[in-house]
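Trainee: Could you walk me through this one, please?
Mentor: Gladly, let us look at it together.

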Amino acid sequence: MQEWLARLFSNIDAWFVLGIVGQVMFSGRFLVQWLVSEKHAKSIVPVAFWYLSIAGGICLMVYGLQRAEPIIILGQSFGLIVYARNLYFIHREKRDAKAETIPSIVAE
């Protein structure tokens, strides 16, 4: 066991730390989603979920590229597109909602 632990942590460098940070953010998104859902007693995907997804995904992608890990690169490449697209939809919806309320305020 000690030998396995020594081998596990033998390559700690800045890239390793980046990978760990990315994995914590990526996994943390589920904690955030779960807490928000519990608070509202229904399934909710908060905007923070998508920001944590994209931030963690970018860190893991950079880590995977540096380590030349095709499994990580493949796993994150499509996901990053989905996370960015969801954030785009969320911000577009907020922008459109704001634009719809401005004429009604001006008309009053």
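**Ser-37 and the helices**

Mentor: Ser-37 sits in helix 2, which covers residues 14-40, a helix being a DSSP run of H or I with at least four residues, while a strand is a run of E with at least two, numbered from the N terminus. This is a predicted model, where local features need pLDDT of at least 70, side-chain atom pairs count only at pLDDT 80 or more, and totals for chains, interfaces and linings use all residues. Residues are numbered from 1 along each chain as its sequence is written, and side-chain values use heavy atoms, with hydrogens and water left out.

Trainee: Is Ser-37 buried or exposed?
Mentor: Ser-37 counts as buried because its relative accessibility is 10%, and buried means under 20% relative accessible area, exposed over 50% and partly exposed in between, with a 1.4 Å probe and protein chains only.

Trainee: And what is Ser-37 in contact with?
Mentor: Leaving aside neighbours within four places in sequence, Ser-37 is in contact with Lys-42, Ser-43 and Ile-44, where contact means heavy atoms within 4.5 Å.

Trainee: New topic: how many helices does the protein chain have?
Mentor: The protein chain has four helices and zero strands.

Trainee: Which residues of helix 3 are buried?
Mentor: Among them are Phe-49, Trp-50, Leu-60 and Tyr-63. Helix 3 is followed by Ala-68, whose phi is positive, near 55 degrees.

Trainee: What does UniProt list as "transmembrane region"?
Mentor: The unreviewed UniProt entry lists residues 12-32, 44-65 and 71-88, though such annotations may be inferred rather than shown by experiment, with positions given in the numbering used here and feature names shortened. In the model, residues 71-88 are 100% helix and 0% strand.
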